[in-house]
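Visitor: I am new to this structure. Please show me how to read its features, one at a time.

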Amino acid sequence: MAIFLFYGQEEFLIEKEIKKLKNELLDVSFISMAYKIFDNPPFNVLIECVQSPPLMFGSTLNIINIDKYLTGSKISIDDKQLAVLDDSLSNISPMVNIVFLCKIPRNENKKPDSRKKLYKILSKYSQVREFPQFRTYQKELNSQIAGMAKEKGLVFNNESIAFFIEQIGSNLTLIDSELEKLKTAVYPEKNINKELIKKYCVSSEDVFVLADLIISANKNEILKQYNLLTEKRHPLEIFSVLQSNIQRFIFIKNYEKRMTAKDMALKLKLHEYIVMKTKEKLNRTSLDRLIKIRENLIEAEYKLKTGQTLNGEMVLELALLC
């Protein structure tokens, strides 16, 4: 039996840890029956996941996303239900393994509310692990990238890692994708230098330019920049970075009259000058429009992920009709 509570913004590391648990705990022959994922299930289903007997063929692993239970009050749970959960976790079968999951959007400085009775019960029985997102200035990010590169047979020195971070940023999902691209592009070469990074990796700044164009509503330039980016980067990677930028724009626009640029910079982990320049860019853009753009981008990204369309340019164009 293993019970975990994973939370944080770094989805790449969370998924990597879940994959590791699958390999360690489950019989690959029965993976389809033994491995289940639940997204904020109603309480009766959540309890069934905890109380469900193990398979006759071995252990089970249930991944239960509970972010709506632990952040804010989107799903409430009363004392009677909490008592049932407490009792169920104390008597869980040795063959049943559970990961309670609370993913937090990148650049949102949130954590599960540790004051909640639910959190206290889960932490009593679970191994609690936080997966915070890396920041570009953290030395730990250098070590993380070096390790990820080594797994792909690539070698970075300190200078090339620093330049890679400057170009790509700190999103490990994007970093993994760019490393995979480098691995294919430079084969059989293994040593990565600045020139190779410049040649094969798209700078995050290029996506920032796209975000700025979206704010300006210059659709011809937006699509032109988007098509340039897709020559080297998958549409989903572009949408992921766009989401982070638009989310930052929304924060700055929402708090521009209630927080100083310095306070916003501290909150966003940005330089104060960047915040001030962003405020200027957003002068002619309303908060409602930014929110609508983000909603449209989420829907467009969903259509790409689910295969409803493969035309990234088309969904981006539709997302900007606001």
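Guide: Start with a term. Buried means under 20% relative accessible area, exposed over 50%, and partly exposed in between (1.4 Å probe, protein chains only). Lys 103, with a relative accessible area of 27%, is partly exposed. Now the ground rules. This is a predicted model: local features need pLDDT of at least 70, side-chain atom pairs count only at pLDDT 80 or more, and totals for chains, interfaces and linings use all residues. Residues are numbered from 1 along each chain as its sequence is written, and side-chain values use heavy atoms, with hydrogens and water left out.

Visitor: How many salt bridges does a search of the whole structure find?

Guide: A salt bridge is a side-chain nitrogen of Lys or Arg within 4 Å of a carboxyl oxygen of Asp or Glu. The search finds 14. Take Lys 103 and Glu 11, whose side chains meet at 3.1 Å, N to O. Helices (H or I, at least four residues) and strands (E, at least two) are DSSP runs, numbered from the N terminus. Lys 103 sits in strand E4 (residues 96-103) and Glu 11 in helix H1 (residues 11-25), so this pair ties together parts 92 residues apart in sequence. Glu 11 is partly exposed, at 42%.

Visitor: Which residue meets Glu 180 in a salt bridge?

Guide: Lys 152 does, at 2.8 Å, N to O. Glu 180 lies in helix H9 (residues 172-186), and Lys 152 in the loop between helix H7 (139-151) and strand E6 (155-156), so the bridge ties together parts 28 residues apart in sequence. Glu 180 is partly exposed at 34%, whereas Lys 152 is buried at 15%. Some bridges also share partners: Glu 11, Glu 15 and Lys 103 are joined into one network this way.

Visitor: Is Lys 111 buried or exposed?

Guide: Lys 111 is exposed, with a relative accessible area of 52%. Its side chain meets that of Glu 130 in a salt bridge (3.6 Å, N to O). The partners are 19 residues apart: Lys 111 in the loop between E4 and helix H6 (117-125), Glu 130 in strand E5 (residues 127-130).

Visitor: Which residues touch the most other members of the largest nonpolar core?

Guide: In soluble globular proteins, nonpolar side chains tend to be buried together. A nonpolar core is a set of buried Ala, Val, Leu, Ile, Met, Phe, Trp, Tyr and Cys residues joined through side-chain atoms within 4.5 Å. The largest one here has 39 residues, and Phe 6, Phe 156, Phe 164 and Ile 175 touch the most other members. H9 gives the largest share, six residues. Contact means heavy atoms within 4.5 Å. Among the residues Phe 156 touches are Ala 149, Leu 179 and Ile 197. A second, separate core has 27 residues, including Leu 242 and Met 264.

Visitor: In what order do the five strands of the open sheet run?

Guide: Strands of a sheet pair through backbone hydrogen bonds, either parallel or antiparallel. Two strands pair if DSSP finds at least two bridges between them. Here the order is E2-E3-E4-E1-E5, with parallel pairing. Strand E2 (35-39) and E5 are the edges, each pairing on one side only. The average twist is 15° from one strand to the next. Six bridges join E3 and E4.

Visitor: Which strands does helix H3 touch?

Guide: Axes are lines fitted to C-alpha atoms, for helices over the stretch in contact, and angles run from 0 to 180 degrees between N-to-C directions. Helix H3 (residues 43-51) packs on the sheet and touches E2, E3 and E4. Its direction makes about 140° with that of E4.

Definitions and conventions. Lists of a residue's contacts leave out its neighbours within four places in sequence.
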